Amino acid sequence: MSTTRIGVVGAGIVGLAIARRLAGRGADVVVFEKEADLARHQTGHNSGVVHAGIYYPPGSLKATLCRRGVGLLKEFCAGHELVYREIGKVVVARDETEVVRLKGLEERSHANGVPGVRWLSAPELREIEPHVVGAAALHSPTTAIVDYVAVARALAADLTAAGGEVRYGAPVTAIEPVGDRLRVRGEVLDRLVLCAGLQSDVVARLAGDDAGPAIVPFRGEYYRLTRPDLVRGLVYPVPDPAYPFLGVHLTPRVDGTVDVGPNAVLATAREGYRRRDVDLRDLGRTLAWPGFRRLAAKHWRAGVREIRGSVSKRAFAAAARDYVPALSAADLVPAPAGVRAQAVDRDGSLVDDFRISTLGPVTAVRNAPSPAATSSLAIAEYVVDRMPS
């Protein structure tokens, strides 16, 4: 691979992890990033959680790469003197219906090899989280928090130390075949890896890949808790199989703050972190995608609930108070939002697992939702080890 020139599109954590691994194996690597700095989008708006692998179906890429990624990330942070704090997580069942679903999560966590997970009764939950209530819970003591922007910067430093390059202000608007090679921004490349996040479907189509899955952007809005002492670790809900998103949870961060959220409302721009951000081209793409229309028809009631939480802090607080009764709307102040690049198939189904496609010399990461940051170093192994030589 020493004579191979490889381009990577996107300087988020996944793109940088892949570029670093390629450079470490002797490739000549250039990363094209349209922004003026790295980690400007999903990586830079990440909750900072290192997921242990409780939620994911056994045998899925998410489950496999998450568990592998946890170990690699912990080792990477130790080697680069980055914060890696195992604060633990409780997944809380509010009632007997959720207790049944929680039993399923317990089985999944054991199947996925998540260490230390144990069942908590209501009194045992209060011993770990004195302000949290529930009928039962799972405790994952090894779930951790990090600063993913700091991780991304360390990955970029390793990349450049190995001879690679990150070019900022370098959007990819065309991918031109040159025999069995490619031309991107005037560079002739042997291989190209697309890690474009919120723009992943747009960039993949430049390479001739399928239109679907298409990215539908959902803004996740957060509040910051002014009483961080109300929680000791991460407090998560039991997923509702009838609802496409996880719901509000409480997330301590490495700086000592605690975020409450997110909700999930349709973003009117792919990079629309504020309600007033509107990009008519992005919005038109979303509305034109048949999968979005089918998704909206199926889940419109849930969408209405999410909008209510978006416009009403009281409604947002009420959702969090299901888990922390002492919390009130007065304890919440606005915090920065993120935008999730949700891949949606033509039939309206959400693409849950990681999805990576290959088209000749192009490898496209078409779907990399949470736990992609946790899994980033394992995704890099997976992608690089399967690239044609």
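Tyr 55 and Tyr 236 are both buried. Keep in mind that this is a predicted model.

**Aromatic pairs**

- The count of aromatic pairs comes to 2.
- Tyr 55 and Tyr 236 make a tilted pair, because their ring centres are 6.4 Å apart and their planes meet at 35°.
- This pair links distant parts of the chain: Tyr 55 is in the loop between strand S3 (49-50) and helix H2 (61-79), while Tyr 236 is in strand S14, 181 residues away.
- Tyr 223 and Phe 316 pair up edge-to-face, with 4.9 Å from centre to centre and 70° between the planes.
- Tyr 223 belongs to strand S13 and Phe 316 to helix H9, so their pair ties together parts that lie 93 residues apart in sequence.
- Tyr 223 counts as buried at 12% relative accessibility, and Phe 316 is buried too, at 3%.

**Charges over rings**

- Tyr 236 turns up again here: the charged end of Lys 89 sits over its ring, 4.2 Å from the centre.
- Over the ring of Trp 119 you'll find the charged end of Lys 103, 4.0 Å from the ring's centre.

**The sheet**

- Three strands form an open sheet in the order S9-S10-S11, with antiparallel pairing.
- S9 (176-178) and S11 (187-189) are at the edges with a single partner strand each, so one side of each has no neighbour in the sheet.
- From one strand to the next, the twist averages 35°.
- S10 (residues 181-184) pairs with S11 over 3 bridges, and Val 184 stands opposite Glu 187 in S11.

Notes:
Residues are numbered from 1 along each chain as its sequence is written. This is a predicted model: local features need pLDDT of at least 70, side-chain atom pairs count only at pLDDT 80 or more; totals for chains, interfaces and linings use all residues. Side-chain values use heavy atoms; hydrogens and water are left out. Two strands pair if DSSP finds at least two bridges between them. Helices (H or I, at least four residues) and strands (E, at least two) are DSSP runs, numbered from the N terminus. Axes are lines fitted to C-alpha atoms, for helices over the stretch in contact, and angles run from 0 to 180 degrees between N-to-C directions. Rings of Phe, Tyr and Trp (its six-membered ring) pair if their centres lie within 6.5 Å; planes under 30 degrees apart count as stacked, over 60 as edge-to-face and the rest as tilted. Buried means under 20% relative accessible area, exposed over 50%, partly exposed in between (1.4 Å probe, protein chains only). A charge sits over a ring if NZ of Lys or CZ of Arg is within 6 Å of the ring centre and within 35 degrees of the ring normal.
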